[in-house]
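Hello,

Here is the structure I promised to pass on. Please open it and follow along with the notes below.

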Amino acid sequence: MRVGYMTNGFGPLVGEGAGVTSVKDIRYLTMGDDEEILKKITAVGFKSIEVLEGNLTKYSQDISVLKDMLQKYSAEMMSVCVGANFIYRDALEDEMFHMEEVAKAAKAVGVTYAALCGGAIRGKGIQDSDYHLLGKGLDMAAKVFAEYGIEASYHPHLGSMAEAPDQVDRLFAETSIKICPDLAHLAAGGGDPLEIVKKYYDRISFVHLKDLDENGFAPLGKGHLDIDGVLNFLKEKGYKGDYLVEVDGYAGDPVFACMTSYDFLKGKLL
């Protein structure tokens with residue numbers, strides 16, 4: 001079992017500029033010094049990380065730079081977060097081109113998991129057929145990553161078609177992809193994280209740990225979610241998979257968030 005930390009809490013989230021006019025170039029990207037962020041996370045004690053896709057593919061032309069950086073801090077890249085619309089038929093070919101570009105770079109640095117986010121909401125709202133289209137697109141993406149030995153899962157996310165519990169259920173009835181449950185996103189979407197983890201236990205790929213308070217996402221133990229309840233359930237079930245701590249959108253000091261979350265997990269997972 002590994003417990004990693006997401007780098008995106010250490011800088012603003014942006015989209016790669018070329019993606020505005022070219023679907024194949026859409027990327028999530030955390031602004032900041034990648035090495036400095038890695039240094040801070042590993043200094044706390046985490047040795048595995050997750051990055052946004054743009055913070056991986058920016059090194060595609062010379063992947064050795066990234067591999068050397070990880071080796072320098074005795075770290076590994078456990079997972080990568082990838083986004084796409086998935087529901088527009090004409091764009092799907094280029095979105096799969098994008099998935100393959102991410103998968104190639106991910107394989108080169110030993111990534112285990114790809115957490116897929118997305119499911120665009122149309123200007124006229126979600127259409128009934130969109131869940132079928134999203135499910136089909138996710139299955140296609142999962143197949144692309146599988147060809148590179150990487151396990152893809154869907155990450156239900158605020159602002160997507162799978163935000164509320166009924167939306168999550170509707171989507172997963174349309175796809176065979178695994179799930180990456182994020183406790184805070186599930187709660188903020190109106191669900192009970194523990195009940196959703198129980199319902200989809202057999203489809204869990206890996207788990208995103210995040211807390212939630214009245215201001216939004218919070219370091220572990222500083223919000224009101226029953227994280228211990230989820231961890232205890234997974235332990236009782238014999239879960240042997242990995243965890244990823246993510247404290248994005250937090251207004252406080254990212255190092256404090258990282259240290260606080262690490263301390264919370266001592267004696268539980270660490």
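Leu186 counts as buried because its relative accessibility is 1%. (Buried means under 20% relative accessible area, exposed means over 50%, and partly exposed is in between, with a 1.4 Å probe and protein chains only.) Leu186 sits in helix H7, residues 183-188. Helices here are DSSP runs of H or I with at least four residues, strands are runs of E with at least two, and both are numbered from the N terminus.

Before going on, note that this is a predicted model: local features need pLDDT of at least 70, side-chain atom pairs count only at pLDDT 80 or more, and totals for chains, interfaces and linings use all residues. Residues are numbered from 1 along each chain as its sequence is written, and side-chain values use heavy atoms, with hydrogens and water left out.

What does Leu186 touch, leaving aside its neighbours within four places in sequence? It is in contact with Pro156, Pro181, Gly191, Pro193 and Ile196. Contact means heavy atoms within 4.5 Å.

Next, helices H4 and H5. H4 covers residues 89-108, and its axis is 9 Å from that of H5, at an angle of about 30°. (Axes are lines fitted to C-alpha atoms, for helices over the stretch in contact; angles run from 0 to 180 degrees between N-to-C directions.) H4 and H5 are therefore roughly parallel. The cut-offs are under 35 degrees for roughly parallel, over 145 for roughly antiparallel, 65 to 115 for roughly perpendicular, and oblique for the rest. On the H4 side, the contact includes Leu92, Met96 and Met99. On the H5 side, Leu133, Gly137 and Met140 are among the residues. By class, the contact of H4 with H5 has 10 nonpolar, one polar and two charged residues. (Ala, Val, Leu, Ile, Met, Phe, Trp, Tyr, Cys and Pro count as nonpolar; Asp, Glu, Lys and Arg as charged; the others, Gly among them, as polar.)

H5 (residues 128-146) also packs against H6 (residues 165-172). Their angle is about 60°, and their axes are 9 Å apart. That makes H5 oblique to H6. Asp128, Tyr131, Leu134, Gly135 and Leu138 of H5 meet Gln167, Arg170 and Leu171 of H6. Four of the residues in this contact are nonpolar, two polar and two charged.

Which residues of H6 are buried? They are Gln167, Val168, Leu171 and Phe172. They lie on the same side of H6, because they cover an arc of only 125° around the axis. (The arc is that of the directions from the helix axis to the C-beta atoms.) H5, strand S7 (151-154) and strand S8 (178-179) are among what covers them.

Best wishes
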